[in-house]
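Dear colleague,

Here is the structure I promised to pass on to you. Please open it beside this message, and then read on for what was found in it.

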Amino acid sequence: MKFKSIAVAAALGLATALAGCTTGGPFKVFTSDYGTVKDAGYQLPRIPINEVPRQYHRQIVSYETKEKPGTIIVDTNAKFLYLVMDGGKAMRYGIGVGREGFEWAGTARIAMKREWPTWTPPSAMIARQPELAKWRRGMPPGLSNPLGARALYLFNRGGDTGYRLHGTPEWRSIGKAMSSGCIRLMNQDIIDLYNRTEVGAKVIVKR
């Protein structure tokens, strides 16, 4: 029986190690940071964070990379966004990504940051969803705006990529592939990322 207990414990330990082999265990998890937030005249509702898988809660994790602190690395397969920190660590956020046919990968930089941005659907999206034509000149900021509380605009050598790192009121979409290509975070997380990120920061999006 003792041998069997040891074997079970070893198996559980191996499973845990394999589950965390990418970044190691978290140093700190910010599960308590998803309450009601008053911001710029808006009141973001509390997110029932216990309904979001724990791996997608904001947390500091081990993360080895040659990229310098301040770099953002997006792992679209794992549904994680990493903000590289000093000392082999990163702030990790859960994300929602583009659904099939709308994925994007590459390197860009943050050219602009906007609080409570206006959302303007691209012409191709309006063609697919004609009901969005009323926002052709821009949807005003607000709690139902698809860009949420903050947006970081990605540009490369060709100019505006059309892709954004942004908030979303649809917290249930975190960990899933259902956007039109942009990278979405819970509103409380995009506010945190916005405050930690500088214009000009490098962004690497990997598939």
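**Aromatic rings and the sheet**

Tyr-82 is buried, with a relative accessible area of 2%, where buried means under 20% relative accessible area, exposed means over 50% and partly exposed lies in between, all with a 1.4 Å probe and protein chains only. Before going further, please keep in mind that this is a predicted model, in which local features need pLDDT of at least 70 and side-chain atom pairs count only at pLDDT 80 or more, while totals for chains, interfaces and linings use all residues. Residues are numbered from 1 along each chain as its sequence is written, and side-chain values use heavy atoms, with hydrogens and water left out.

The chain as a whole has 207 residues, of which 44% count as buried. It contains three helices and 14 strands, which are DSSP runs numbered from the N terminus (helices are H or I with at least four residues, strands are E with at least two). Among the contacts with a separation of 6 or more, 66% are between residues 24 or more positions apart, a contact being heavy atoms within 4.5 Å.

Next come the aromatic rings. A pair of aromatic rings is described by the distance of the centres and the angle of the planes. Rings of Phe, Tyr and Trp (its six-membered ring) pair if their centres lie within 6.5 Å, and planes under 30 degrees apart count as stacked, over 60 as edge-to-face and the rest as tilted. By this rule there are four aromatic pairs. One of them joins Tyr-56 and Phe-80, which is tilted, with 5.7 Å from centre to centre and 55° between the planes. Tyr-56 lies in the loop between β3 (42-44) and β4 (59-62), whereas Phe-80 belongs to strand β6 (residues 80-85), so this pair ties together parts that are 24 residues apart in sequence. Tyr-56 counts as buried at 10% relative accessibility, and Phe-80 counts as buried at 11%. The rings of Tyr-63 and Tyr-82 form a stacked pair, because their centres are 4.2 Å apart and their planes stand at 15°. This pair also links distant parts of the chain, with Tyr-63 in the loop between β4 and β5 (72-75) and Tyr-82 in strand β6, 19 residues apart. Together, Tyr-56, Tyr-63, Phe-80 and Tyr-82 form one aromatic cluster.

Which strands form the open sheet, and in what order? Its 10 strands follow the order β1-β4-β7-β6-β5-β14-β9-β10-β11-β13, and the pairing is mixed, where two strands pair if DSSP finds at least two bridges between them. β1 (26-29) and β13 (183-186) stand at the edges with a single partner strand each, so one side of each is left without a neighbour in the sheet. Within the sheet, β5 and strand β14 (residues 202-206) run parallel and are joined by four bridges, and Ile-72 stands opposite Val-203 in β14.

Finally, eight of the 10 residues of helix α3 (residues 187-196) are buried, so this helix is largely enclosed by the rest of the structure. The buried residues of α3 include Ile-190, Leu-193 and Tyr-194.

With best wishes
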